[in-house]
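Morning, everyone. Let's take a quick look at one model. Please have the sequence and the structure open.

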Amino acid sequence: MTPYQKANLNLIAKSISELHFEEILKVQEHFFIEAKTHQFSLHLQSGVRYEFQAKKTIWDTLKIYPTSLKRFPLLNDAKFDTKLFAAQFFLDAQKEMAITDITLAHFLEEMHNTLYSEEKIIRKIANLSISNFHTQNIDDLQFYLSGHPKILLNKGRLGFGASALKHFSPEEEQSIQFFWLLIHRDLFLKSHTTDELKIEENYFYN
């Protein structure tokens, strides 16, 4: 499996879990006595269904195993897609998510940016061991983190091209020099009342 395929599976698994928790998607649980993990299915209005294995956390969320995900193009179809893509999942679930075509187009743009950066992180950590992480300081560990666990498209970064991402994204491990702008107090213009201004002056100058 390529890093890009893994990034897609991870995003689909995360999306189903979060959208199910927010009660946007309705996931069905199936019990099989011999199975060591719980089986789940997701039936969408588009006629597509997804099946996967997962376990429930103490918060009643689903920890989905990405490699167990299967997409069935039609509800009664026994054949499943061997390769899954996050873009196709969001197209399949558009009605449940209640988003318009134009909103979905912008959404997919952020999704591709997220996958682009997520793939880089997956490549970076592929050959790292626990001992490698153990020796890293807290700041360097930020370079390997996948980002916010609840926000689906946590690396959307609209307006960033490949060059901007190379220079300013955390996964590239580049140092950034921030510019500071100093403004003298006398240049501030305030629109507060006189009483409010006195309160602020006491706060800043005392």
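**Rings first, then the pocket**

Start at phenylalanine 89. Its relative accessibility is 0%, so phenylalanine 89 counts as buried, the cut-off being under 20%. Keep in mind that this is a predicted model.

Phenylalanine 90 is buried as well. The ring centres of phenylalanine 89 and phenylalanine 90 lie 5.3 Å apart. Their planes meet at 65°, so we call the pair edge-to-face.

Now the wider count. The structure has five aromatic pairs. One of them joins tyrosine 50 and phenylalanine 89, with centres 5.4 Å apart. The planes are at 80°, so that pair is edge-to-face too. It links distant parts of the chain: tyrosine 50 is in strand S3, phenylalanine 89 is in helix H2, and 39 residues separate them. Tyrosine 50 is buried, at 1% relative accessible area.

Which residues do ring pairs link into a cluster? Tyr50, Phe89, Phe90 and Phe107.

Two charged side chains also sit over rings. Arginine 49 lies over the face of phenylalanine 72, 3.9 Å from the ring centre. Lysine 70 does likewise over phenylalanine 80, at 4.6 Å.

Next, the largest pocket. It holds about 590 Å³ of space. How many residues line it? The lining has 24, and nearest the centre are Asn10, Ala13, Lys14, Lys63 and Pro149. Helix H1, strand S4 and helix H4 each supply at least two lining residues. H1 gives the largest share, seven residues. By type, the lining splits into nine nonpolar, nine polar and six charged residues.

That's my tour. Over to you.

Key: Residues are numbered from 1 along each chain as its sequence is written. This is a predicted model: local features need pLDDT of at least 70, side-chain atom pairs count only at pLDDT 80 or more; totals for chains, interfaces and linings use all residues. Side-chain values use heavy atoms; hydrogens and water are left out. On a 1 Å grid over the protein atoms alone, a cavity is a set of points where a 1.4 Å probe fits but cannot get out, and a pocket is an open set with protein on both sides within 12 Å along at least five of seven lines; lining residues have an atom within 4 Å of a point. Grid points are joined across faces, edges and corners, and a volume is the space filled by probe spheres set on the points. Helices (H or I, at least four residues) and strands (E, at least two) are DSSP runs, numbered from the N terminus. Ala, Val, Leu, Ile, Met, Phe, Trp, Tyr, Cys and Pro count as nonpolar, Asp, Glu, Lys and Arg as charged, and the others, Gly among them, as polar. Rings of Phe, Tyr and Trp (its six-membered ring) pair if their centres lie within 6.5 Å; planes under 30 degrees apart count as stacked, over 60 as edge-to-face and the rest as tilted. Buried means under 20% relative accessible area, exposed over 50%, partly exposed in between (1.4 Å probe, protein chains only). A charge sits over a ring if NZ of Lys or CZ of Arg is within 6 Å of the ring centre and within 35 degrees of the ring normal.
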